[in-house]
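Before reading on, take a moment to look over the chain as a whole. The paragraphs below go through its parts in turn.

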Amino acid sequence: MEKIGRFGDFGGQYVPETVMNAVTELQAAYDKYKNDPEFLAELRDLYHNYAFRPSLLYYAEKMTKDLGGPKIYIKREDLNHTGSHKINNALGQVLLAKKMGKKRVIAETGAGQHGVATATICAYFNMECEVYMGREDMERQALNVYRMNLLGAKVTGVDSGTATLKDAINEAMRDWATNIETTFYCIGSVMGPHPYPTMVRDFQKIIGEEAKQQILAAEGKLPDCVVACVGGGSNAMGIFYDFIPEKDVRLVGAEAAGRGVDTDQHAATLTKGDLGIFHGMKSVFLQNDEGQIAPVYSISAGLDYPGIGPEHAFLNSTGRADYVAITDEEAVQAFEYLSRVEGIIPAIESAHAVAAARKIAPTMKPDQIMIINLSGRGDKDVQQIARYRGVNLNA
Ligand SMILES: *Cc1c(COP(=O)(O)O)cnc(C)c1O
């Protein structure tokens with residue numbers, strides 16, 4: 001039998017029988033709608049009229065001059081409604097939920113970005129929304145909890161395990177299996193059992209499709225290098241996907257090295273992880289010697305996940321994409337750099353891509369082109385970066 005939802009050895013559907021019914025129903029629905037012209041037209045319309053796509057491809061002239069390497073362009077996902085690429089996926093999944101006749105949407109969230117995007121679309125479609133969030137994260141991200149409430153969503157705290165993102169995902173899966181009739185589970189990245197990694201990538205691939213058209217219009221040729229940050233991997237898969245067949249385009253993912261890959265405080269999955277099965281997929285995970293999922297750390301809440309989407313594990317194994325690890329300090333320096341040089345405050349997640357670009361650019365030539373995916377805006381991170389730098393905002 002042909003194996004379903006595989007990227008080489010990675011991916012699959014490793015879920016308990018109780019979740020399998022829900023996964024099978026979702027897979028059938030996605031197979032039905034993914035090429036449906038009406039569904040795709042509706043999604044295009046929402047991308048444009050609600051999320052404000054296409055996002056700009058901005059020529060970063062000062063950064064280009066300053067680094068003295070390739071011409072640098074920035075794909076401005078930070079300009080989307082709600083401030084990041086997360087809206088692309090939330091729009092696609094909630095629209096699918098509506099087509100399936102579901103009345104209720106659930107989601108997991110770590111820092112709250114995906115929860116806010118999902119709550120936003122549910123408000124737009126007038127659908128019931130419940131977001132699972134680790135109790136620990138709720139305390140750290142109280143403002144996003146309030147924001148979700150404001151948008152009409154219920155936020156449910158999760159106390160199990162480390163009371164963070166991975167536990168919120170477990171709880172959402174449990175809810176989904178119990179309430180399959182009424183409920184759609186909107187996952188926030190290219191992870192989980194098939195069809196999620198494929199479906200979320202399909203809803204994000206608009207980033208790369210636009211970028212390809214835009215760079216061809218601006219420069220008449222493809223870029224030499226595309227750089228994106230990687231948590232679960234959705235913004236990176238989104239910008240990479242259309243460039244995968246273009247073998248001369250180098251693809252680079254930047255994962256979070258936290259306080260260093262030689263400490264136990266990082267989230268550099270592909271740099272330090274091993275093959276494993278978790279959250280319904282075979283992929284690479286940070287684990288202890290017994291195979292238990294290791295606690296992870298990054299200054300960036302959006303990158304601090306102990307695994308990575310299976311398609312990235314595959315691109316890494318074949319060498320089609322390279323993955324580098326960026327420390328907290330390098331990311332904060334890039335956060336400050338882009339703010340000062342271009343007047344663009346990046347999300348601290350996206351700053352990991354900027355940091356990788358700053359390392360790679362000097363190895364490239366002036367007749368070459370680099371595109372950085374700026375996955376989100378940094379307003380949400382300003383307070384935390386001030387604290388990191390020891391600035392007392394209440395003084
Ligand atoms: C959530 C988030 C990420 C990380 O998620 P991916 O699935 O790896 O893209 C990166 N950037 C921003 C701004 C985010 O909100």
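A residue counts as buried when its relative accessible area is under 20%. The model shown here is predicted. By that cut-off, nine of the nine residues of helix α9, residues 196-204, are buried, so this helix is largely enclosed by the rest of the structure. The buried residues of α9 include the charged-type names R201 and D202, along with Y196, P197, T198, M199, V200, F203 and Q204.

Strand β12 is another enclosed element. It covers residues 281-285, and four of its five residues are buried, so the rest of the structure largely encloses this strand. Its partner is strand β11, residues 274-278; the two run antiparallel and are joined by five bridges.

Now turn to the open sheet. Six strands make it up, in the order β3-β4-β14-β9-β10-β13, and their pairing is mixed. Its edges are formed by β3 (57-59) and β13 (321-327), each of which pairs on one side only. On average, neighbouring strands of the sheet are turned by 25° against each other, direction ignored. In general, strands of a sheet pair through backbone hydrogen bonds, either parallel or antiparallel. At one end of the order, β10 (residues 250-258) pairs with β13 in the parallel sense over seven bridges. Within that pairing, V252 has D322 in β13 as its bridge partner.

Which strands does helix α14 touch? Helix α14, residues 328-342, packs on the sheet and touches β3, β4, β10, β13 and β14. Its direction makes about 95° with that of β13. Helix α10, residues 206-219, lies across β3, β4 (71-76) and β14 (369-374). The angle at which α10 runs to β4 is about 140°.

Helix α1 (residues 17-33) packs against helix α8 (residues 165-178) at an angle of about 80°, and their axes are 8 Å apart. That angle lies in the range of 65 to 115 degrees, so α1 is roughly perpendicular to α8. On the α1 side, the residues that meet α8 are T18, V19, A22, V23 and L26. On the α8 side they are M173, W176 and A177. Of the residues in this contact, seven are nonpolar and one is polar, with no charged residue.

How values were computed: Residues are numbered from 1 along each chain as its sequence is written. This is a predicted model: local features need pLDDT of at least 70, side-chain atom pairs count only at pLDDT 80 or more; totals for chains, interfaces and linings use all residues. Side-chain values use heavy atoms; hydrogens and water are left out. Two strands pair if DSSP finds at least two bridges between them. Axes are lines fitted to C-alpha atoms, for helices over the stretch in contact, and angles run from 0 to 180 degrees between N-to-C directions. Contact means heavy atoms within 4.5 Å. Buried means under 20% relative accessible area, exposed over 50%, partly exposed in between (1.4 Å probe, protein chains only). Angles under 35 degrees count as roughly parallel, over 145 as roughly antiparallel, 65 to 115 as roughly perpendicular and the rest as oblique.
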